Amino acid sequence: MYTFAAPASGNEDFASDLDNKITDAWHYANNNDIVPKFPVSSAILALAFLFIPSPSAGEITFTYKGLTISLREGLVILSGIFELGAYQQESNNYIPFTNPLDANYANNTMQDWFSQAAAQHAMNVYANYLDVTLTAKLDKESSIL
């Protein structure tokens, strides 16, 4: 079994059971990809400090129904919620790697934060890490290969 950018499959017991039943499994995760961090509480907490260009750039905030909250505060709250599930990634052949941040999304804005997240989760990031050449081009209208 091979997984790429997969979120955690379950809690400690489930992950351990999966490791014991499928010993020939390989899990690849880009450290800058937010998807494999879900729903692991400690990994979500680390997201609060990912993709920040500089401390002087200020915090990303959003407002909902008159309440303004920073992205960092939102992620801290989300981390606390997921703490109850005790999710974790499998441990057999779990291979983290780091893809460089995309310089096109370096501004400290919500748009660039999510654009950076999308760029880090892209199929070509994982293909490049494995030295695989993608031959098909993405059809932008249908979003399929």
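In this predicted model, the count of aromatic pairs comes to 7. One of them joins Phe4 and Tyr126, whose ring centres lie 6.5 Å apart with the planes at 80°, so the pair is edge-to-face. Another edge-to-face pair is made by Trp113 and Phe114, with ring centres 5.0 Å apart and planes at 75°; here Trp113 is buried, with a relative accessible area of 4%, while Phe114 is partly exposed at 44%. Phe4 and Tyr126 also belong to one aromatic cluster, together with Tyr28, Phe97 and Tyr129.

The open sheet consists of 3 strands in the order S1-S3-S7, and their pairing is parallel. Strand S1 (2-4) and strand S7 (94-97) stand at the edges, and because each has a single partner strand, one side of each is left without a neighbour in the sheet. From one strand to the next, the twist averages 15°. Strand S3 (residues 26-30) pairs with S7 in the parallel sense over 4 bridges, and Tyr28 stands opposite Ile95 in S7.

Helix H3 (residues 71-83) contains Ser79, which is buried, with a relative accessible area of 6%. When residues up to four places away in sequence are not counted, Ser79 touches Ser41, Ile44 and Leu45.

Key: Residues are numbered from 1 along each chain as its sequence is written. This is a predicted model: local features need pLDDT of at least 70, side-chain atom pairs count only at pLDDT 80 or more; totals for chains, interfaces and linings use all residues. Side-chain values use heavy atoms; hydrogens and water are left out. Two strands pair if DSSP finds at least two bridges between them. Helices (H or I, at least four residues) and strands (E, at least two) are DSSP runs, numbered from the N terminus. Axes are lines fitted to C-alpha atoms, for helices over the stretch in contact, and angles run from 0 to 180 degrees between N-to-C directions. Buried means under 20% relative accessible area, exposed over 50%, partly exposed in between (1.4 Å probe, protein chains only). Contact means heavy atoms within 4.5 Å. Rings of Phe, Tyr and Trp (its six-membered ring) pair if their centres lie within 6.5 Å; planes under 30 degrees apart count as stacked, over 60 as edge-to-face and the rest as tilted.
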